[in-house]
Amino acid sequence: MKRKHSLVLVGMLGVAMSLTACGDDSDSGSEGSEGSTGDSSAAAGKIGVILPDTESSVRWESADRPALEAAFKEAGVEYDIQNAEGDAERMTQIADTMIGNGVTVLAIVNLDSESGAAIQEKAESQGVATIDYDRLTLNGTAQYYVSFDNTLVGELQGQGLADCLGDKKANIVFLNGSPTDNNATLFADGAHSVLDPMTNFTVVGEQAVPEWDNEEAATIFQQLYTAADGKVDGVLAANDGLGGAAIGILEGNGQAGKVPVTGQDATVEGLQNILAGTQCMTVYKSATQEAGALADAAIALVNGEDAQTTGTTKDSESGREVPSILLEPLSITKDNVGDVITDGGQTVEDVCTGSYAALCTEAGIS
Ligand code: BGC
């Protein structure tokens with residue numbers, strides 16, 4: 001199957017490359033972007049992707065969208081990428097429109113499993129295949145789940161925080177992701193599995209942040225910090241946005257840089273905080289890899305073939321084993337910030353601005 005698929009891909013690529021001059025009408029605005037190779041044989045399939053929002057992480061618009069566009073263009077398939085702007089009803093409407101416009105594969109990053117499963121059920125009834133992109137839809141019907149090993153993401157965060165804290169006794173606060181995001185559960189479980197057995201650490205506060213809302217995260221962290229009488233020595237924050245919120249509060253209390261904070265997504269802000277010493281680590285998940293895996297799975301579905309999977313993931317609600325392509329996340333500390341840049345995850349121009357230029361030079365990034 002793999003070889004057959006690769007051959008088809010190579011064939012499509014050849015066609016796409018000879019036709020690059022025609023019909024690419026992509027637009028990079030946050031509303032949506034569509035692209036077409038203008039090739040009728042490759043256009044036998046059209047892939048729709050619905051991203052979740054622009055607020056819970058900058059990754060969706062700044063990393064995933066361009067990576068998805070590049071992957072679909074390279075594969076020579078038509079695509080339509082939209083963003084639900086944090087509104088599940090809007091995601092449902094976009095899905096309806098995409099199905100009406102003839103997408104053959106629909107990939108979603110669900111805003112909650114219930115609305116995601118309803119979208120998938122409807123798609124299936126119209127003969128449209130679905131893929132879970134990044135977040136598993138519990139009780140869903142997706143043919144494939146394309147993501148990273150999210151338990152491992154949490155383990156890397158837990159280990160990263162433990163490494164930054166060392167052997168001393170320390171009080172830890174957990175700032176978890178959205179309770180409606182299955183990934184947030186996996187991140188927290190992974191982090192707990194590393195930190196809980198370490199007897200020198202005490203969890204003095206833990207709360208999930210609805211919709212990963214960064215502003216609410218600051219309020220929640222302030223409350224947890226106050227409840228702990230300011231005796232907080234480390235923060236397990238589930239992504240860079242939540243980490244940034246905690247750092248803001250720590251700054252107001254003269255503690256930024258003294259209290260290690262974790263993150264995820266290797267955002268510009270996260271990497272700058274790591275260089276400045278206010279954040280201890282982040283987790284890099286290559287958007288190019290994830291988008292490429294989605295494009296491969298979607299094209300296999302278009303061609304009626306099996307995608308190459310890394311295994312299955314058990315849906316904790318339905319018990320279904322969902323065929324999965326899970327990629328490997330990478331732990332990033334001050335020592336290897338440069339790896340994100342080398343890999344194309346961020347650029348020197350974006351990270352090494354203003355006062356960060358000197359810190360980049362110090363870290364050997366140029
Ligand atoms: C993703 C993270 C992201 C978070 C908020 C999670 O499902 O895996 O990369 O930071 O959602 O958007």
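## Close-up views of a predicted model

**View 1. Helix H2 crosses helix H10 in a right-handed way.** A crossing is right-handed if the near helix is turned clockwise from the far one by less than a right angle, and left-handed if anticlockwise. This is a predicted model, in which local features need pLDDT of at least 70 and side-chain atom pairs count only at pLDDT 80 or more, while totals for chains, interfaces and linings use all residues. Residues are numbered from 1 along each chain as its sequence is written, and side-chain values use heavy atoms, with hydrogens and water left out. Helices (H or I, at least four residues) and strands (E, at least two) are DSSP runs, numbered from the N terminus. H2 covers residues 59-75 and H10 covers residues 287-302. Their axes come within 8 Å and cross at roughly 45°. That makes H2 oblique to H10. Axes are lines fitted to C-alpha atoms, for helices over the stretch in contact, and angles run from 0 to 180 degrees between N-to-C directions. Angles under 35 degrees count as roughly parallel, over 145 as roughly antiparallel, 65 to 115 as roughly perpendicular, and the rest as oblique. On the H2 side, the contact includes Arg-59, Leu-68 and Phe-72. On the H10 side, it includes Glu-290, Leu-294 and Ile-299. The residues of this contact of H2 with H10 divide into 11 nonpolar, two polar and three charged. Ala, Val, Leu, Ile, Met, Phe, Trp, Tyr, Cys and Pro count as nonpolar; Asp, Glu, Lys and Arg count as charged; the others, Gly among them, count as polar. Contact means heavy atoms within 4.5 Å.

**View 2. Helix H3 packs against helix H4.** H3 spans residues 88-100 and H4 spans residues 113-125. The angle is about 15°, and the axes are 10 Å apart. That makes H3 roughly parallel to H4. Their crossing is right-handed. Ala-88, Met-91, Thr-92, Ala-95, Asp-96 and Ile-99 of H3 meet Ser-115, Ile-119, Lys-122 and Ala-123 of H4. Six of the residues in this contact of H3 with H4 are nonpolar, two are polar and two are charged. Look at Ser-115, in helix H4. Ser-115 is buried, with a relative accessible area of 14%. Buried means under 20% relative accessible area, exposed over 50%, and partly exposed in between (1.4 Å probe, protein chains only). Ser-115 and Met-91 are 24 residues apart in sequence, and their C-alpha atoms are 8.5 Å apart in space.

**View 3. Helix H5 packs against helix H6.** H5 runs over residues 150-165, and H6 over residues 182-195. The angle is about 40°, with the axes 6 Å apart. That makes H5 oblique to H6. The two cross in a right-handed way. From H5, the contact takes in Asn-150, Val-153 and Leu-161, among others. From H6, Leu-186, Phe-187 and Val-194 are among the residues that take part. The contact of H5 with H6 counts eight nonpolar residues, nine polar and one charged.

**View 4. Ser-324 sits in strand S12.** The strand covers residues 321-327. Is Ser-324 buried or exposed? Ser-324 counts as buried, at 1% relative accessibility. Its side chain reaches the backbone oxygen of Val-322 at 2.6 Å. Leaving out residues up to four places away in sequence, Ser-324 touches Tyr-145, Thr-309, Thr-310, Gly-311, Thr-312 and Thr-313.

**View 5. Glu-85 and Glu-211 lie in loops.** Most residues other than glycine have a negative phi. Glu-85 has a positive phi of about 50°. Glu-85 lies in the loop between strand S3 (78-83) and H3. At 29% relative accessibility, Glu-85 counts as partly exposed. Glu-211 also has a positive phi, near 55°. Glu-211 is in the loop between strand S8 (201-208) and helix H7 (214-227). At 60% relative accessibility, Glu-211 counts as exposed.

**View 6. Gly-248 lies in helix H8.** The helix covers residues 240-252. Gly-248 counts as partly exposed, at 37% relative accessibility. Which residue is 30 positions from Gly-248 in sequence and 7.5 Å away in space, C-alpha to C-alpha? Ala-218 is that residue.

**View 7. The chain has 13 helices and 13 strands.** Of its 366 residues, 51% count as buried. Among contacts with a separation of 6 or more, 72% join residues 24 or more positions apart.

Notes:
Polar contact = N/O pair within 3.5 Å; in protein donor to acceptor, adjacent residues only side chain to side chain.
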